[in-house]
Amino acid sequence: MNANNYKQALLAATEVLYTEKTDYLALSTAIKAYKELLLELSALDEDTSAAREDIHHANGKALGTFWAALCVDDIIRTKQFVHGIYNAIDDLKQEGKQKIHILYAGTGPFATLLLPNMLRFPKDLISYTFMEINPISMEGIKRLLSKLEMDDYAINFVSEDASTYQIPEAVSYDLIISETLQAGLAKEQQVAIFFNLMKQSSTSTIFIPEKIELQLALRENGIAAELLTSAHYSRIATVFEVSKNAWNGYLKETSTSVQDRLLDKVDTLVSKDAMNSANTLFLLTHLQVYKEYQIGINESSLTIPLYLNSFSATEEKDRTIQTQYIIDENPRLEVQIL
Ligand SMILES: C[S@@+](CC[C@H](N)C(=O)[O-])C[C@H]1O[C@@H](n2cnc3c(N)ncnc32)[C@H](O)[C@@H]1O
């Protein structure tokens, strides 16, 4: 296939990602076709031990290329991000922007979440900054774009750590994308990356995901896994939020950046009545990718409920749950039941 045929094949394979309703069979077939093209174009050798090695940093780990490549298979995640990003770019266009600058922090080897959109918008409309800390992944995306003969797109490749990167003074991004998270905002660097980029961005910059919330919830015991739905979890409180709004709130409390200090501890009171009717405590991750493009509980590996604790079914007093988000080499929400 030549570059043009590959582009047509990519457009055809990803068409289903833009439908409003989700046909799971059609979507998983489409994702399979999309991934085959990505692997072929990037000529990725996933079988080396180097490609499987995560890179560990002061603010959390960055996935090895093999693992980053697997993310595409998380089908609802991939659909909601690709479609949400399309709409965000379209909204910027509708606002009359003649030139849109996008930073994609953590492209992985394929720039999975952006590539279908690059092929759908005029190339002169957008300039791109592709940031990736893993050199093997960076080589993959470069090979892929070159095979597609996209060298005439305005793409700046930056091999830096997005959690500490200093945005050059003359540069301002309209849209910043990063999907560097796992359920519970554990292990990876999403929070440090977004806080670092939010503190340097203008108020009009769109961040995708737009909002990530960690929530405490109670669930009844004994419901078969295949029957569980979001409705079985009764939310107690959102204990941590990553969004531009929340970031502004954190800033008001301190003159220094959030990254230079510990984030506050949050106390949540759970009543004995609530624990007596549903006594298993979970941590939920709610993801608003962009506006109505959201990822619900259990729709993706990113939104799997994490078990925290089982209370007795006859608790006699209310309990306090203390939580604190920690940014270090193993980012996590620390939970203490007092
Ligand atoms: C979960 S993968 C997602 C890959 C791709 N964006 C996708 O959604 O399919 C995250 C990627 O971000 C990169 N990454 C993680 N932390 C980073 C950081 N601090 N700076 C730059 N890239 C980072 C990892 O190396 C990995 O390739």
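Author: A residue counts as buried if 20 or more other C-beta atoms lie within 10 Å of its own. Keep in mind that this is a predicted model.

Reader: Fine. Is Ala-111 buried or exposed?
Author: Ala-111 has 25 C-beta neighbours inside 10 Å, so it counts as buried. Its place is in the loop between strand E3 (100–105) and helix H6 (115–118).

Reader: What about the phi of Ala-111?
Author: Positive, about 50°, although Ala-111 is not a glycine. Most residues other than glycine have a negative phi.

Reader: And Lys-291, what is phi there?
Author: Near 50°, again a positive value in a residue other than glycine. Lys-291 is found in the loop between strand E11 (280–290) and strand E12 (293–295). With 11 C-beta neighbours inside 10 Å, Lys-291 counts as exposed.

Reader: Which residues does the cis peptide bond join?
Author: Ile-208 and Pro-209, with omega about 5°. Pro-209 lies in the loop between E7 and strand E8 (211–219). Most peptide bonds are trans.

Reader: E7 then. What is the strand order in its sheet?
Author: E5-E4-E3-E6-E7, an open sheet of five strands with parallel pairing. Strand E5 (154–158) and strand E7 (206–208) stand at the edges, each with a single partner strand, so one side of each has no neighbour in the sheet. On average, neighbouring strands of this sheet are turned by 15° against each other, direction ignored.

Reader: How many bridges join E6 to E7?
Author: Three, between strand E6 (residues 175–177) and E7, which run parallel. Leu-175 stands opposite Ile-206 in E7.

Reader: Which strands form the antiparallel sheet?
Author: Three strands in the order E10-E14-E15, also described as an open sheet. Its edge strands are strand E10 (266–270) and strand E15 (332–337), and each pairs on one side only. Neighbouring strands here are turned by 25° against each other on average, direction ignored.

Reader: What joins E14 to E15?
Author: A hairpin, through five residues. Six bridges also join strand E14 (residues 319–326) to E15, and the two run antiparallel. Ile-326 stands opposite Arg-332, and the bridge partner of Gln-324 is Glu-334.

Reader: Helices now. At what angle do H2 and H5 cross?
Author: Roughly 80°, with the axes of helix H2 (residues 24–42) and helix H5 (residues 75–94) coming within 10 Å. H2 and H5 are therefore roughly perpendicular to each other.

Reader: Which residues make the contact?
Author: Leu-27, Ser-28 and Ile-31 on H2, and Ile-75, Thr-78 and Lys-79 on H5. By class, the residues of that contact are three nonpolar, two polar and one charged.

Reader: I also marked Lys-142. Where is it found?
Author: In helix H7 (residues 135–147). Lys-142 has 18 C-beta neighbours inside 10 Å, so it counts as partly exposed. The C-alpha atoms of Lys-142 and Phe-130 are separated by 9.9 Å, and the two residues are twelve apart along the chain.

Reader: Last one, the ligand. How many residues surround it?
Author: There are 23, and the closest are Ala-62, Cys-71, Gly-106, Gly-108 and Ala-162.

Reader: How does that shell divide into nonpolar, polar and charged?
Author: Eleven nonpolar, nine polar and three charged.

Terms used
Residues are numbered from 1 along each chain as its sequence is written. This is a predicted model: local features need pLDDT of at least 70, side-chain atom pairs count only at pLDDT 80 or more; totals for chains, interfaces and linings use all residues. A residue is near a molecule or strand if its C-beta atom, placed from the backbone, lies within 6 Å of it. Ala, Val, Leu, Ile, Met, Phe, Trp, Tyr, Cys and Pro count as nonpolar, Asp, Glu, Lys and Arg as charged, and the others, Gly among them, as polar. Axes are lines fitted to C-alpha atoms, for helices over the stretch in contact, and angles run from 0 to 180 degrees between N-to-C directions. Helices (H or I, at least four residues) and strands (E, at least two) are DSSP runs, numbered from the N terminus. Angles under 35 degrees count as roughly parallel, over 145 as roughly antiparallel, 65 to 115 as roughly perpendicular and the rest as oblique. Two residues are in contact if their C-beta atoms, placed from the backbone, lie within 7 Å. A residue is buried if 20 or more other C-beta atoms lie within 10 Å of its own, exposed if 12 or fewer, and partly exposed in between; C-beta atoms are placed from the backbone. Two strands pair if DSSP finds at least two bridges between them.
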